[in-house]
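Work through the exercises below with the sequence and the model side by side. Try each task before reading its solution.

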Amino acid sequence: MKSKTIEVSGVNLKCYEDGSVERFNNKTKSVVRGMGTKTSSGYRRIFIGGCAHYCHRLMCMAFMGPLGSKEVDHINGDKSDNRPKNLRLVNHQQNGRGFCGKKAGCTSRYRGVSFYTKKWWAGVCSGGKTHHLGSFASEKEAAFAYNNKAVELGFSLEALNDIK
């Protein structure tokens with residue numbers, strides 16, 4: 001399995017393609033390899049020298065280089081999946097356009113679609129502006145309208161609805 005070594009807070013870390021991180025534990029005098037602990041927000045992090053570091057950022061630094069002003073996006077939307085092939089560097093706006101699962105209590109199974117006053121409505125938010133796409137007779141029509149506008153606005157393919 002491919003790995004890369006980086007130095008963080010004076011500690012050498014070995015990052016692996018499966019998303020795990022290996023380091024030397026000074027207290028136990030042994031090598032420790034793991035995925036980190038899961039936070040309440042779903043991200044994985046490890047503590048190095050008393051400081052918390054998010055695993056997805058460490059993986060990106062190891063396999064893609066310095067982050068600079070970029071953010072790390074999880075392509076499949078799973079915040080705990082830190083394999084390098086699931087990560088990409090994006091700007092803040094692109095990160096907000098990436099994969100996003102539906103929240104509980106929604107009226108539609110599709111992103112950007114809701115049911116209101118006996119009609120299906122579609123809308124897309126981008127750059128702080130909401131684009132109202134109108135009302136539709138069916139949920140699928142509204143989802144298609146969302147997808148078309150999302151593509152026009154430059155959303156990634158992962159952000160589109162999978163219409164069945």
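A polar contact is a pair of N or O atoms within 3.5 Å; within protein, one must be able to donate a hydrogen and the other to accept it, and residues adjacent in sequence count only if both atoms are side-chain atoms. The model is predicted, so local features need pLDDT of at least 70 and side-chain atom pairs count only at pLDDT 80 or more, while totals for chains, interfaces and linings use all residues. Residues are numbered from 1 along each chain as its sequence is written, and side-chain values use heavy atoms, with hydrogens and water left out.

**Exercise 1.** Find the polar contacts of the S108 side chain, and decide whether S108 is buried or exposed.

Solution. Step one is to locate the residue: S108 lies in the loop between helix 2 (92–97) and strand 10. Helices (H or I, at least four residues) and strands (E, at least two) are DSSP runs, numbered from the N terminus. Next, list the partners. The S108 side chain reaches the backbone nitrogen of Y110 at 2.9 Å, and it makes a polar contact with the side chain of E139 at 2.7 Å. Last, apply the burial scale: buried means under 20% relative accessible area, exposed over 50%, partly exposed in between (1.4 Å probe, protein chains only). S108 has 6% relative accessibility and therefore counts as buried.

**Exercise 2.** Check the span of helix 3, then name its buried residues and what covers them.

Solution. The expected span of a helix is 1.5 Å times one less than its number of residues. Helix 3 has 14 residues (139–152), so it should span 20 Å; its end C-alpha atoms are 20 Å apart, which agrees. The buried residues of helix 3 are E139, A142, A143, A145, Y146, N147, K149 and A150. For the cover, contact means heavy atoms within 4.5 Å. Strand 10 (113–116), strand 11 (119–126) and strand 12 (129–136) are among what covers these residues. After helix 3 comes G154, with a positive phi near 90 degrees.

**Exercise 3.** Classify the ring pair of Y43 and Y54.

Solution. Rings of Phe, Tyr and Trp (its six-membered ring) pair if their centres lie within 6.5 Å; planes under 30 degrees apart count as stacked, over 60 as edge-to-face and the rest as tilted. By this rule there are two aromatic pairs. In one of them, Y43 and Y54 have ring centres 5.8 Å apart and planes at 75 degrees, so the pair is edge-to-face. It links distant parts of the chain, eleven residues apart: Y43 is in the loop between strand 5 (37–38) and strand 6 (44–48), and Y54 is in strand 7 (residues 51–54). Y43 is partly exposed at 26% relative accessibility, and Y54 is partly exposed at 33%.

**Exercise 4.** Give the strand order of the open sheet of three strands and identify the strands at its edges.

Solution. Two strands pair if DSSP finds at least two bridges between them. The order is 5-6-7, with antiparallel pairing. Strand 5 and strand 7 stand at the edges with a single partner strand each, so one side of each has no neighbour in the sheet. Strand 5 and strand 6 are joined by two bridges, and T37 stands opposite R45 in strand 6.

**Exercise 5.** Where is K118 found, and is K118 buried or exposed?

Solution. K118 is found in the loop between strand 10 and strand 11. Its phi is positive, near 65 degrees, in a residue other than glycine. With a relative accessible area of 77%, K118 is exposed.
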